[in-house]
Each structure stands twice: as C-alpha cells, then as structure tokens.
Amino acid sequence: MKLKSSEPFWLVKNGIINSYPSLREELETEILIVGGGITGSLIAHQCIKDGYKTTLIDRREIGHGSTSATTSMLQYEIDIPLYQLKDQIGKKAAEESYWACYKSIDTLERIVKHIKSDCGFNKKESLYFAAFKKDVAGLKKEFEARKNIGMPVKWLEADEIDSQFQIKNSFGGILSEQGGSIDGFKLAHDILAYNHKKGLKIFDKTDIKKVTYLKTGVHVLTEHGTIIKANKLIYCNGFESTEIIKDDFVKLLSTYAMVGERFEDDQSHLNNTLFWNTAEPYIYMRTTDDNRLLIGGEDEEFVDANKRDSLLTDKATKLTKYLNKNLPNYDFRMDFVWAGTFGETKDGLPYIGEHPDFKSTYFVLGFGGNGITFSVIGMELVSEMLKNKKHPLSDYFKFRR
C-alpha cells in the first residue's frame with residue numbers, strides 16, 4: 001500500500017539519514033519487529049532495553065512510510081472527546097486512556113533526552129477551539145470533564161484567543177498545558193541508530209512473502225528467499241496491517257497537510273501552542289522548529305492512492321482558505337503539500353496486543369490523530385506482555401473489544 005504522496009516535508013528536509021542493508025542470510029532472533037517507522041523504533045527501543053535479541057525489518061527505506069508524512073503533533077487528546085468516550089467505553093476506561101496519553105508525552109521527552117536526539121522536541125500547550133457557535137456547548141462539556149479529573153485546562157473566550165494567538169472567528173476553546181511537537185521522521189532514525197549500536201539488527205527493503213505462525217514462534221519467508229525464525233513477532237505496520245487482518249477494525253482515511261516557507265517575522269504567539277478545532281473533519285496547525293507553519297486536515301474516506309493524490313491541489317486551496325479565515329494577518333506561502341493515509345477506530349483507541357488468528361504475535365497499531373502517543377503507551381504494554389503479565393490498559397486496546 002502506498003501511504004504517502006508528493007513531497008512530505010520531513011523527508012525532503014532530512015533526506016536519507018541512515019540506510020540499512022536488506023536481509024541476505026538466514027536469521028534467528030527472539031523478537032522480530034515488522035515496521036521501521038516511529039512505532040517500530042519505539043518498540044525496538046523497549047525490547048533492547050529489556051534485554052531481548054531483537055531484529056527489525058521494513059519493506060521500504062526506514063521511516064519512508066507514514067512516519068515521513070506525519071505532522072508529529074503530540075497530543076493527549078483522543079479523537080473522541082472524554083465526555084463522550086466515558087459513555088462509550090465506561091468512565092474508568094476513558095479516564096485511564098486519557099491519562100495514559102497525557103503521561104506518554106513526558107515519557108517521549110525522556111527518551112529524546114536519553115538518546116540525545118535533535119528531533120526538535122518541544123513541549124507545547126494545546127488549544128482546542130470551537131469552529132462554529134453550535135460546538136460551544138459540547139466543548140464546554142469536554143472542558144468540565146477534563147477539569148473534573150484534574151487535568152490542567154483553562155477555558156478561553158473568543159476575544160482571549162484572538163488576543164493571545166491572533167486567531168479570528170473562533171467561539172472559545174480549551175487551553176491545555178500538555179502537548180508537544182517533534183520531527184517524527186528524525187526521531188525514528190535517531191532511536192534506531194542508538195539501538196543499532198546496542199545490538200538491534202535492522203534490515204530495510206526486506207518484504208515478507210509468507211509467515212508461518214506456530215505456538216513456539218514464527219517462521220518468516222522474505223522476498224529474498226531467506227528465513228527468519230523468531231520467538232515473537234510484533235507488527236508495527238500501522239495501516240498496512242489491514243492487508244493481513246481480515247477483521248473490519250479500522251476505517252482508512254486520507255489526510256492532507258502543507259508547510260509554508262520559513263517565516264522571518266515574529267510568530268512567537270504561535271510557536272508554543274498546538275491548534276485544532278471542532279470542525280468535522282478537524283483542522284490542525286503547528287509551527288516547526290525551523291519557523292514554518294504547518295496546517296493539515298480536510299480528511300476524507302480513503303479510496304485508493306491515485307484518488308487521494310489527485311485531490312492535493314484542491315485540498316491545498318481549501319486549507320489555505322481556512323488559514324486566511326483564521327489567521328488573516330499571516331503571510332503564508334506554501335512550500336510543501338502532501339497527503340497521507342491514517343486510520344480511525346470506533347472508539348478512537350489503538351489496537352495493541354494479541355489477535356486470535358495469529359499465534360506468537362503481537363500488534364502495536366496506534367491509529368488516530370495521536371498515533372505517536374499510543375505507540376509510546378505500546379512500549380509499556382509490549383514489555384508486560386512479553387513477560388506474560390497483564391497491563392491495566394490491555395482490555396481497552398484489545399482486538400474484538
């Protein structure tokens with residue numbers, strides 16, 4: 001499956017940071033990770049930390065799937081608001097899921113510092129604002145739900161949003177203290193390079209042709225005719241998991257993003273905050289560490305890569321129109337525009353854990369708008385599962401829940 005199109009900013013900005021060989025020989029390993037994006041890199045980091053002999057493979061160059069197209073906004077907010085999620089999956093499950101996402105941003109910050117990555121990690125606030133007057137009542141319910149469980153949030157009226165961020169045509173919103181942004185493509189490479197030195201084996205341009213799932217492990221036949229024997233297989237292949245899992249468990253969507261030229265004037269009113277709104281589909285904005293504005297959204301159902309990519313010009317026009325409406329004084333000149341594919345689940349939560357159709361196998365599939373934070377949570381769940389322990393969140397994220 002083709003997961004991105006045109007010129008993703010991060011890929012052009014960074015180029016090919018590290019290149020690894022394809023697999024040319026038979027291999028035995030304790031853990032085999034499939035997927036060399038941000039999720040696979042984080043799970044590999046945990047497995048190496050826990051002392052497992054670990055191998056990672058990817059069918060492309062490392063990080064050249066969805067990770068090169070991510071907007072890398074680090075949010076604890078799940079796609080379904082807390083007050084609605086409580087009605088859907090229960091109060092305890094909803095609150096624990098939100099808090100896990102909240103804490104994962106701090107965990108990721110510690111990882112960035114530990115491996116000394118220069119991925120441009122920045123802690124930021126997050127502003128979730130009403131796109132229409134009719135959205136205010138629901139947004140205030142969401143504000144109260146978060147406030148009632150102790151999350152540091154503040155309600156801003158429209159004039160305060162205008163004064164602080166120069167955003168026009170809002171109707172009030174929730175300002176959260178917790179958030180962040182990174183260059184996810186760079187971070188994935190930095191994590192893998194760090195662990196490669198510690199013994200992680202990495203092979204890119206190595207696709208899988210067949211997997212034999214056994215109670216005692218898996219045998220993986222690669223496109224090159226080589227066999228990998230592993231005690232456990234962990235799929236970190238995101239939306240491409242739909243190629244092997246037959247359940248109707250995720251809805252694939254196309255999303256669009258664009259980045260402007262470097263901004264020479266002061267934009268300090270935007271640099272420390274993530275922005276997203278209540279529109280359906282929602283629009284989101286952030287600045288990059290090299291002083292550009294990134295804006296994305298205009299999601300729609302994924303049909304195929306050609307259909308998705310054919311809409312790039314139209315979607316860029318609509319995103320520019322939105323930007324002019326909300327930031328009319330911003331001198332935006334588009335530098336890059338691209339599209340990507342992501343997944344939406346029935347409850348906004350990821351799928352992490354075992355699937356009954358696949359022996360000796362785990363999945364870490366961080367679907368939704370905050371897939372990176374779900375991947376960080378996945379590190380902890382995988383660590384416990386490999387020790388045959390049950391994690392408190394595992395029932396919320398399991399298949400066929």
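# Briefing on a predicted structure

Just after helix H11, Asn 388 has a positive phi of about 60°. The model is predicted.

**Helix H11**

- Helix H11 runs over residues 371-386, and its 16 residues should span 22 Å at 1.5 Å a residue.
- The rest of the structure largely encloses H11, because 14 of its 16 residues are buried.

**The largest nonpolar core**

- The largest nonpolar core has 82 residues. Those that touch the most other members are Ile 33, Ile 43, Leu 187, Ile 234 and Trp 338.
- Helix H4, residues 91-115, gives the most to this core, contributing 11 residues.
- In soluble globular proteins, nonpolar side chains tend to be buried together.
- With neighbours within four places in sequence left aside, Ile 33 is in contact with Gly 40, Ile 43, Ala 44, Cys 47, Thr 54, Thr 55, Leu 56, Ile 57, Ile 234 and Cys 236. Two of these contacts, Ile 43 and Ile 234, are also named among the core members that touch the most others.

**Cysteines**

- The whole structure was searched for disulfides, and 0 were found.
- Cys 47 has its closest cysteine sulfur in Cys 236, but the two sulfurs are 8.2 Å apart and therefore too far for a bond. Cys 47 counts as buried because its relative accessibility is 1%.
- Cys 101 is likewise in no disulfide, and the nearest cysteine sulfur, again that of Cys 236, is 17 Å away. The relative accessibility of Cys 101 is 0%, so this residue counts as buried.

**Salt bridges**

- There are 29 salt bridges in the structure.
- One of them pairs Arg 59 with Glu 240, with the closest N and O atoms 3.0 Å apart. This pair links distant parts of the chain, 181 residues apart: Arg 59 is in the loop between strand E2 (54-57) and strand E3 (73-74), and Glu 240 is in the loop between strand E12 (227-235) and strand E13 (251-260).
- Arg 59 counts as partly exposed, at 30% relative accessibility, whereas Glu 240 counts as buried, at 7%.
- Glu 240 also forms a salt bridge with Arg 60, where the closest N and O atoms are 2.6 Å apart. Arg 60 lies in the loop between E2 and E3 and Glu 240 in the loop between E12 and E13, so this pair ties together parts that are 180 residues apart in sequence.
- Asp 118 forms a salt bridge with Lys 186, and the closest N and O atoms are 2.6 Å apart. Here Asp 118 is in the loop between H4 and strand E4 (122-123), while Lys 186 is in helix H7 (residues 184-196), and the two are 68 residues apart.
- Asp 118 counts as exposed, at 55% relative accessibility, and Lys 186 counts as buried, at 15%.

Definitions and conventions
Residues are numbered from 1 along each chain as its sequence is written. This is a predicted model: local features need pLDDT of at least 70, side-chain atom pairs count only at pLDDT 80 or more; totals for chains, interfaces and linings use all residues. Side-chain values use heavy atoms; hydrogens and water are left out. A nonpolar core is a set of buried Ala, Val, Leu, Ile, Met, Phe, Trp, Tyr and Cys residues joined through side-chain atoms within 4.5 Å. Buried means under 20% relative accessible area, exposed over 50%, partly exposed in between (1.4 Å probe, protein chains only). Helices (H or I, at least four residues) and strands (E, at least two) are DSSP runs, numbered from the N terminus. Contact means heavy atoms within 4.5 Å. A disulfide is a pair of cysteine sulfur atoms within 2.5 Å. A salt bridge is a side-chain nitrogen of Lys or Arg within 4 Å of a carboxyl oxygen of Asp or Glu. The expected span of a helix is 1.5 Å times one less than its number of residues.
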